[in-house]
Number of protein chains: 2
Amino acid sequence: VGSPKLGHTPRLVEDETLERIRRTLGNGIEAADLRDDAALVDVPGGGSLVVSVDSVVAGVHVDLELCSPADIGWKALMGALSDLGAMGARPVGALVALCVPPAGAGGELTLGVMEGVAEASRAAGCPVVGGDVSAGATLVVAVTVLGTVGDGCVVARRGASAGDAILVTGPCGGSAAGLRVLRAGPGRGGRGAAFTREEQGLVAAYLRPQARLDEGEAARLAGAHAMIDVSDGLALDLHRLADASAVGFALDVVPVAEGATEAEALGGGEDYELIVVMAPDAVNGYEARCRAAGLRPPQRIGSVTARTVDRTLSGRPLAQLGWQHRLG
Amino acid sequence: VGSPKLGHTPRLVEDETLERIRRTLGNGIEAADLRDDAALVDVPGGGSLVVSVDSVVAGVHVDLELCSPADIGWKALMGALSDLGAMGARPVGALVALCVPPAGAGGELTLGVMEGVAEASRAAGCPVVGGDVSAGATLVVAVTVLGTVGDGCVVARRGASAGDAILVTGPCGGSAAGLRVLRAGPGRGGRGAAFTREEQGLVAAYLRPQARLDEGEAARLAGAHAMIDVSDGLALDLHRLADASAVGFALDVVPVAEGATEAEALGGGEDYELIVVMAPDAVNGYEARCRAAGLRPPQRIGSVTARTVDRTLSGRPLAQLGWQHRLG
């Protein structure tokens, strides 16, 4: 499944295996819905935490020839934080489990990754509160994030209902385009050529994505019904939100980042923009909140429909493009 | 460093790299002391959580030829929970990041590991509240655990002071001995021979260790000054506790599990018994709590001394046996 040509980083949580895992865990699972972006844990003595875990694996999600260790650390933490953003939560802390090949510059690789984790930690205001370093054949960065919605309620994937507006916090495909540009290299202008400014922007979108924490919180406070982050491509993630909500959708437009293609926007992934679903009469308030906070204006891209089989772009069926990975 | 002959599973958090990571993270770290077993996170809206992350890597910590996937899942969750026990905390939930080789029976491997995670989850009363599955060259199980001490205070490694009693919740070395027995196989009695009952017990200590959550809570409630779990061998972990507390110790006796050797107890690891340090006049109360809760009686093994250079077993210097792993 998916669009391997785009070569984007799969999230690999294949939905079928996850469903079997859920059954295996049985009543071991209580507060959780492993299919949502994050779960809610009640804390004895008061509040609750939104928790999520996400992994980046070298050779699967990232290519050490294209990404520096610090880029990988940044991507790992921001990718995990994006799941908090999609619930409307703010980060409280992160724990990082690192698995590093013992050979060669293992120590330096460890420190390089943690340097990027530290940069993302400062950028997102999310302290790293725990960690573990192991040796292993492959570089793996598994990040657990803890977040909060204060006295509020998290926004799940499953709250969309017919008639709701679908918005996105920013254009998509920039990350996939950045990977394409990185792979092609800056050589088109001949030896010594540099990336153009547009290419640099795309590369940054791939190497240093931003979790949309402010946007997610603004959407939650504006009364969003459902959210999901664009981690595996706009199409697949929109289908997931629609599946969870048992609804359809009618997209009018694909929000494509400058320099990216529509296919990259629909099937690329790792943009970490948020898909926001809310009642049409809540949209003005959401836009006002974004303006007041100095955030980019959200873009309205379509509407939720009642029939789950109706999932269209400009009136035509929209395939579940995007990354899923088969294990075994 | 360490005692490779015992072949026990290294925790791999080598102290020097961790120190450099701490410096890299700089003020990114707030609530945390990455060298302690777990960190404390304040939860907005009330309460706090004790959090920790721990990984098990096939080929490094475990051998897929000796352990079933379910054994590995069990060991991963119990090993992580042991860090909560060492703080005197009870578990609230766990998140599991799984990295699984895509070839062969990847799906079955995933489900096998999660089966063991589910068994440990039920045994310890710790629901799995989140997860992530990725493909990767090596099997990696990274487990984040969340715990609570209610209104109480966590017990750290650094609270020991001169004159305190040192106790252990049970004998050590059983896990290392179990690995030795597994490797040798049940063949000594000829073809078709089975493990003796004692050997079965050792194998179970290795494959299905128990996090000492009840014992840790009882010690905390009895006023323990410091605790650490025996994950890398009694000697190394006792040295770590003494380092954190800036004290020495005088061991009178090594608590050796039946069928294990003294070297396995001192340098083996993964026993997950707790080393408990408390004022001598608190020991009676701790023992009474253990009796009342139906727990094994703790064993007093020595005393804390003032001079950090004085670290002895039966009056002789005790080396820092145990597992540390060099990366690069």
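Helices (H or I, at least four residues) and strands (E, at least two) are DSSP runs, numbered from the N terminus. In this predicted model, Ser314(A) sits in the loop that links β11 (311-313) to β12 (316-317) of chain A. Its phi is near 50°, a positive value in a residue other than glycine. Exposed means over 50% relative accessible area, and Ser314(A), at 56%, is therefore exposed.

Tyr272(A), which is not a glycine, has a phi of about 60°. Its place is in the loop between α8 (262-267) and β9 (274-278) of chain A. Is Tyr272(A) buried or exposed? Its relative accessibility is 3%, so Tyr272(A) counts as buried.

The confidence of the prediction comes next. For the complex, the predictor gives an ipTM of 0.86 and a pTM of 0.89. In chain A the average pLDDT is 87, and 85% of the residues score at least 70. Residues 1-13 of chain A have a pLDDT below 50, and this stretch has 53 contacts in the model beyond near neighbours in sequence. Residues 27-34 of chain A also stay under 50 in pLDDT. For residues 27-34 of chain A, the model has 21 contacts beyond four places in sequence.

Strand β3 (residues 90-100) of chain A is mostly covered, with 10 of its 11 residues buried. Strands of a sheet pair through backbone hydrogen bonds, either parallel or antiparallel. Which strand of chain A runs antiparallel to β3(A)? That strand is β5 (residues 140-148) of chain A, joined to β3(A) by nine bridges. Within this pairing, Val96(A) stands opposite Val143(A) in β5(A). With strand β4 (residues 128-135) of chain A, β3(A) pairs in the parallel sense over seven bridges. Here Ala94(A) has Val128(A) in β4(A) as its bridge partner.

Chain B has an open sheet of five strands with mixed pairing, in the order β1-β2-β5-β3-β4. From one strand to the next, the twist averages 20°. Helix α2 (residues 69-85) of chain B packs on this sheet and touches β2 (48-57), β3 and β5 (140-148) of chain B. The direction of α2(B) makes about 35° with that of β5(B). Strand β3 (residues 90-100) of chain B pairs with β4(B) in the parallel sense, over seven bridges. The bridge partner of Val100(B) in β4(B) is Ala135(B).

Back in chain A, two helices pack against each other. Helix α4 (residues 174-184) and helix α5 (residues 197-207) of chain A have axes 7 Å apart and pack at an angle of about 110°. Angles of 65 to 115 degrees count as roughly perpendicular, and α4(A) and α5(A) are therefore roughly perpendicular to each other. The crossing in which α4(A) passes α5(A) is left-handed. Among the residues that meet are Gly174(A), Ala177(A), Gly178(A) and Val181(A) in α4(A), and Leu202(A), Val203(A) and Tyr206(A) in α5(A).

The last stop is Arg220(A), found in helix α6 (residues 213-221) of chain A. Why does Arg220(A) count as buried? Its relative accessibility is 13%, and buried means under 20%. Leaving aside neighbours within four places in sequence, the residues in contact with Arg220(A) include Met87(A), Gly88(A), Val149(A), Cys153(A) and Met227(A).

Notes:
Residues numbered from 1 in each chain as written. Chains lettered and ligands numbered in written order. Predicted model: local features only at pLDDT ≥ 70, side-chain atom pairs only at ≥ 80, totals over all residues. Heavy atoms only, no water. Pairing = 2+ DSSP bridges. Axes fitted to C-alpha atoms, helices over the stretch in contact; angles between N-to-C directions. Contact = heavy atoms within 4.5 Å. Buried < 20%, exposed > 50% of the residue type's maximum accessible area, 1.4 Å probe, protein only. pLDDT = per-residue confidence, 0-100. Parallel < 35°, antiparallel > 145°, perpendicular 65-115°, else oblique. Left-handed = near helix turned anticlockwise from the far one by under 90°.
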